[in-house]
Amino acid sequence: MLARFSHHLLTALPVPLLPFIRNDFALDYTQAGLVNSAFSLSYGIGQLPAGWLADRIGPRIMITIGICGVALVGFLVGLSQTYVMLIALLALMGLVGGGYHPSAAPMISASVEPKNRGRALGFHLIGGSGSFFLAPLIAAATATTWGWRGSFIGLAVPTMIFGIIFYVLLGRRAKMSKTQQTIT
């Protein structure tokens with residue numbers, strides 16, 4: 001749930017921050033629409049190869065790429081100085097973020113007993129919904145203090161930290177599972 005929340009929090013920022021971005025870059029409505037489309041299109045397209053790659057390198061690595069990649073690119077979005085740079089970074093954010101979903105469901109299914117899978121997936125989905133609910137509130141609060149760039153940068157840092165912690169915890173869990181399988 002927390003992994004999905006952190007992943008989606010950054011990816012949900014362009015929509016509520018669009019008025020700030022639009023003013024900063026003096027965008028017309030078409031250009032502003034491309035800000036959202038750059039991420040959304042690449043995010044959708046990125047999930048197909050990411051699913052294939054998750055089957056090859058494992059869901060733990062792909063989830064980490066999904067969380068930490070979004071955090072790193074989100075940080076860079078906050079540093080973008082031109083409209084073209086912003087569009088390119090949002091498209092890149094979509095591509096790296098596309099690895100999360102094709103990896104999360106198989107990982108949950110593999111690590112949760114069959115009788116609890118529905119509940120586990122339900123909790124996982126709450127993280128995404130919660131982030132889309134809270135993103136506009138968090139974006140408004142942070143943008144009034146730090147500006148739209150500061151919102152991306154300020155939220156990217158804890159997301160990166162969480163991604164690293166999540167990777168380590170999943171590694172420990174995998175080691176414990178292997179140890180238990182060896183014992184039995």
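**Contacts, burial and a salt bridge**

Tutor: Start with methionine 160, which counts as partly exposed because its relative accessibility is 25%. Buried means under 20% relative accessible area, exposed over 50%, partly exposed in between (1.4 Å probe, protein chains only). This is a predicted model: local features need pLDDT of at least 70, side-chain atom pairs count only at pLDDT 80 or more, and totals for chains, interfaces and linings use all residues. Residues are numbered from 1 along each chain as its sequence is written, and side-chain values use heavy atoms, with hydrogens and water left out.

Student: Where is methionine 160 found?

Tutor: In helix α7. Helices are DSSP runs (H or I, at least four residues), numbered from the N terminus.

Student: And what is methionine 160 in contact with, leaving aside neighbours within four places in sequence?

Tutor: Cys68, Ala71 and Leu72. Contact means heavy atoms within 4.5 Å.

Student: How is serine 131 classed, buried or exposed?

Tutor: Serine 131 counts as buried because its relative accessibility is 0%. It sits in helix α7, residues 117-183. Not counting residues up to four places away in sequence, serine 131 touches Phe5, His8 and Leu9.

Student: New topic. How many salt bridges by the rule?

Tutor: The count comes to one. The rule asks for a side-chain nitrogen of Lys or Arg within 4 Å of a carboxyl oxygen of Asp or Glu.

Student: Which side chains meet in it?

Tutor: Those of aspartate 24 and arginine 149, at 2.7 Å, N to O. The pair links distant parts of the chain, 125 residues apart: aspartate 24 is in helix α2 (residues 14-25), arginine 149 in helix α7. Aspartate 24 counts as partly exposed because its relative accessibility is 41%.

Student: What about arginine 4, how far is the nearest side chain of opposite charge?

Tutor: That is aspartate 55, 18 Å away. For charge, Lys and Arg count as positive and Asp and Glu as negative; His and the chain ends are not counted. Arginine 4 is buried yet has no salt bridge. Its place is in helix α1, residues 2-11. Among the residues arginine 4 touches are Tyr100, His101 and His124.

Student: Last one. Which residues meet between α3 and α6?

Tutor: Tyr43, Gln47, Ala50, Gly51 and Ala54 in α3 meet His101, Pro102 and Ser103 in α6.

How values were computed:
Helices (H or I, at least four residues) and strands (E, at least two) are DSSP runs, numbered from the N terminus.
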